[in-house]
Every structure is written in C-alpha cells, then in structure tokens.
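This briefing concerns the structure shown below.

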Amino acid sequence: MPSSSRTMRAVQYDKYGGGAEGLKHVQVPVPSPKKGQLLVRVEAASINPLDWRFQKGNGRPFLPSKFPFAPVCELTGEVVELGAGASGFRPGDKIVAVNFPGSGGLAEYAVVSASNAALRPPEVSAVEGACIPIAAATALVALRTAGVSLDAGDGPAKNVLVTAASGGVGTFAVQLASLTGHNHVTATCGARNLDLVRSLGADEALDYKTTEGAALRGPSGPKHDAVVHCAEGFPWSAFAPALAGAGGVVVDLTPRVASVAVAVFHWLCFSRKRLVPLIVSTKKEDMEALMGLVVQGKIRAVVDSRYPLSRAHEGWAKSMSGHATGKIIVEMRDDAE
Ligand SMILES: NC(=O)c1ccc[n+]([C@@H]2O[C@H](COP(=O)([O-])OP(=O)(O)OC[C@H]3O[C@@H](n4cnc5c(N)ncnc54)[C@H](OP(=O)(O)O)[C@@H]3O)[C@@H](O)[C@H]2O)c1
C-alpha cells in the first residue's frame with residue numbers, strides 16, 4: 001500500500017506562539033519519500049530549544065515554511081521506504097537523522113534526506129540515537145571550531161570552559177572535551193548539577209549563580225583557551241577577563257546580532273581573543289563517529305525525561321522552561337504510552 005494512503009499520529013502547530021498548549025495531536029497521511037529521501041518509522045525524537053523558538057516566531061517569516069507544521073528535527077528510527085535516487089540504506093536499517101528545516105519528528109513516520117542520515121549500530125538504543133544528530137554533533141563541531149583536540153596525541157592540551165554544561169549540548173561537550181584526559185575542563189551549571197558535570201569529566205564545576213560562576217572562572221582555576229558557550233545572554237566583556245592572554249576562542253552557540261558585530265570586530269583587528277558565532281550543520285561522518293564513541297562506552301546520553309507521543313506537549317513545556325538536565329525524548333512505541 002502506498003504510504004500516503006495510510007494515516008499516522010502526529011503533533012503539529014498551526015500558528016506562531018502558543019507554547020505547549022499550541023501543539024495539536026492529529027491524524028494525518030503518512031508522508032511519501034521524495035527524490036533522495038527516506039521514509040522512516042520514528043522510534044524516538046528529541047526536543048531542542050530550536051524547535052520551540054521556531055514556534056515562537058524566531059525564524060519568521062522563513063521558518064516554519066508553512067502551517068500546519070510538524071516540529072522536531074532530531075530523530076531516530078527504521079527505514080521503511082526509499083525515495084527515487086536515495087542510496088546507502090535499505091528498508092529495515094536503523095538510522096539517526098537531522099531533518100532541518102523539514103522537521104516532522106513528533107510523528108509515527110517522517111521523511112528525511114538520505115544525506116542527513118547515518119546508520120545506527122545495534123548497540124546504540126533509540127533513546128541514545130535521538131540525542132546524537134543535533135546535541136552531540138553540535139558539541140563536537142563546537143569543540144573542533146574552538147581548536148580543541150579530542151585526541152591526546154593531536155595538538156596541545158587546552159583549558160576548556162563549557163557553559164550550561166548540564167544541558168543537552170553541554171553534557172556532550174564536557175564528555176568530549178575530557179575524553180582523553182589531556183584537557184582541563186571547567187563547566188558552569190546550576191548547583192543541583194555540579195556532581196553530574198563532574199561525573200561527566202569536568203575537572204572543575206562552577207555554580208552559575210555564584211560570583212565565580214558569573215566570572216566563568218574559579219579563584220585558582222586556569223584562564224581558558226577555548227569556550228563552548230551554550231548559555232545565553234553573556235556580553236563579550238564577561239568572557240574577555242577569563243580568557244588566556246595568549247589568545248582564547250569563544251564559540252558562541254547562542255549568537256545574537258551583538259555577537260556577530262563583536263566577531264566581525266575581532267576578525268578585522270586580528271584579535272588574539274575571539275568570539276566565533278556558530279550555527280552547526282551536522283555531517284554524516286560526525287554522527288557516525290559519535291555513535292562509535294557511544295558503542296565504545298566513551299560517551300553517554302544524559303536523559304532529562306522521556307514522554308510517549310501522547311504527552312509530547314509536556315516535554316515541549318519542559319524544554320521551554322530552560323531547566324532540562326540533558327535531553328528530552330519523545331518515544332513513539334505503543335508501550336511508551
Ligand atoms: N548554534 C547551534 O548550532 C546550536 C545547536 C544546538 C543548540 N544550540 C543552542 O544552544 C543552547 C543550549 O542548548 P541545549 O539543548 O543544551 O539547552 P538546554 O538543554 O535547554 O539547557 C538547559 C540547561 O542549561 C542550564 N543553564 C541555563 N542558563 C545557564 C547559565 N547561565 N549558566 C549555566 N547553566 C545554565 C540549565 O541549568 P538550570 O536548570 O540549573 O538553570 C539547564 O540544565 C540553546 O540556546 C540552543 O538553542 C545551538
């Protein structure tokens with residue numbers, strides 16, 4: 001039976017705003033894979049701040065491209081059908097994928113571009129897989145952009161700072177930065193998560209509500225060579241005193257117009273201390289490498305909470321609260337209900 005003649009459960013919103021209450025549970029046709037696409041039976045999806053920012057209208061007027069819109073672009077599941085020209089996968093393969101800007105992860109089926117998907121090894125669970133395409137990949141690319149080597153034999157050891165280290169991206173950034181033990185990793189988070197981020201490998205954990213947390217550096221801690229900035233609302237003046245004199249790079253994952261202006265100024269002045277705004281576009285090789293690290297037990301997904309599709313709005317509200325510890329997962333299994 002062609003996929004479009006079947007229906008599926010999905011979550012959509014039909015206008016900007018409305019938060020979790022603006023999400024509607026609907027029955028819609030199963031999408032058909034177009035050229036280069038895979039039809040995936042979704043096992044799990046992960047809600048990112050990006051998803052509800054689009055609902056708020058932060059990508060207006062381009063994103064969402066139309067209403068009603070089925071949100072969530074970080075997902076994992078099983079390939080059931082290949083569109084024309086889609087290669088590298090077979091029906092039955094488990095994959096992880098980032099579906100941006102198409103989204104559609106809060107549904108029983110989604111279409112994803114084959115070029116944005118990677119095979120998920122059997123050792124990686126659906127819940128872990130749903131955390132790789134955006135959260136883990138963003139952490140990896142941010143560290144790479146900041147010049148942090150994840151291989152002890154490849155480049156000098158660095159003093160690394162991760163802000164909002166208890167979040168979806170930060171929990172991976174801390175683990176990746178401390179993977180080989182040769183970097184010194186400082187992390188900021190709330191008091192309740194200090195032990196967690198130390199257990200993930202941080203050498204030093206600072207409560208962001210204390211004086212040292214606000215200064216982004218402990219009294220005897222090193223100045224930072226590299227910063228993966230996952231928190232929001234810090235002016236450049238908050239970073240400059242905490243950076244190494246020889247030069248430090250702040251990779252800003254939450255860039256605003258002001259950060260772009262600062263970055264351009266640094267670039268024009270050949271500044272040794274630099275702000276680098278970054279929007280990550282995930283690559284297949286990175287997803288594969290990260291799943292390899294999960295298989296080897298070198299990194300793990302920290303999961304804040306799991307919801308069945310029927311309670312996806314609760315996960316949405318939790319993400320909007322800004323107080324998740326790790327990732328928020330929505331599972332499509334019937335027994336997840
Ligand atoms: N540029 C890109 O390509 C890209 C990709 C992915 C994500 N992002 C962005 O990166 C940011 C982080 O994403 P995420 O998924 O990790 O978010 P998240 O999971 O929602 O982060 C929540 C965590 O951040 C902590 N936190 C909040 N403010 C903090 C502060 N000032 N200092 C230290 N910790 C703080 C919270 O701790 P408490 O609960 O204790 O307050 C909570 O544990 C988001 O703005 C997201 O949009 C960007």
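The axes of α3 and α4 approach within 8 Å and cross at roughly 50°. The two helices, α3 and α4, are therefore oblique to each other, and their crossing is right-handed. The model described here is predicted.

**Packing of α3 against α4**

- Two packed helices are described by the angle between their axes and the distance between the axes.
- On the α3 side, the residues that meet α4 are Ala135, Ala136, Thr138, Ala139, Leu140, Ala142 and Leu143.
- Their counterparts in α4 are Gly168, Val169, Phe172, Ala173, Leu176 and Ala177.
- By class, the residues of this contact of α3 with α4 comprise 11 nonpolar, two polar and no charged.

**Packing of α3 against α9**

- Helix α9 (residues 284–295) also packs with α3, at an angle of about 95° and with the axes 10 Å apart.
- That angle makes α3 roughly perpendicular to α9.
- From α3, the contact draws on Ile132, Pro133, Ala136, Ala137, Leu140 and Val141.
- From α9, the contact draws on Asp286, Met287, Leu290 and Met291.
- The residues of the contact of α3 with α9 divide into nine nonpolar, no polar and one charged.
- Ala136 and Leu140 of α3 are listed in the contact with α4 and also in the contact with α9.

**Domains**

- The chain is divided into domain 1 (3–131 + 301–336) and domain 2 (136–277).
- The C-alpha centres of domain 1 and domain 2 are 29 Å apart.
- Seven residues of domain 1 are in contact with seven residues of domain 2.
- On the side of domain 1 that touches domain 2, the residues are three nonpolar, three polar and one charged.

**Surroundings of the ligand**

- Of the 31 residues around the ligand, those that come nearest are Gly167, Gly168, Gly190, Tyr208 and His323.
- Two or more residues of the shell come from each of α1 (49–56), α3 (132–145), α4 (168–177) and β9 (184–189).
- The shell around the ligand has 15 nonpolar, 15 polar and one charged residues.

**Backbone details in the loop between α1 and β4**

- Most residues other than glycine have a negative phi, and most peptide bonds are trans.
- The peptide bond from arginine 60 to proline 61 is cis, with omega near 5°, and proline 61 is placed in the loop between α1 and β4 (74–82).
- Leucine 63 and proline 64 are likewise joined by a cis peptide bond, with omega about -10°; proline 64 lies in the loop between α1 and β4.
- Valine 72, a residue other than glycine, has a positive phi, near 90°.
- Valine 72 is also found in the loop between α1 and β4.

How values were computed. Residues are numbered from 1 along each chain as its sequence is written. This is a predicted model: local features need pLDDT of at least 70, side-chain atom pairs count only at pLDDT 80 or more; totals for chains, interfaces and linings use all residues. A residue is near a molecule or strand if its C-beta atom, placed from the backbone, lies within 6 Å of it. Helices (H or I, at least four residues) and strands (E, at least two) are DSSP runs, numbered from the N terminus. Ala, Val, Leu, Ile, Met, Phe, Trp, Tyr, Cys and Pro count as nonpolar, Asp, Glu, Lys and Arg as charged, and the others, Gly among them, as polar. Domain bounds come from an automatic or database domain assignment. Two residues are in contact if their C-beta atoms, placed from the backbone, lie within 7 Å. Axes are lines fitted to C-alpha atoms, for helices over the stretch in contact, and angles run from 0 to 180 degrees between N-to-C directions. Angles under 35 degrees count as roughly parallel, over 145 as roughly antiparallel, 65 to 115 as roughly perpendicular and the rest as oblique. A crossing is left-handed if the near helix is turned anticlockwise from the far one by less than a right angle, and right-handed if clockwise.
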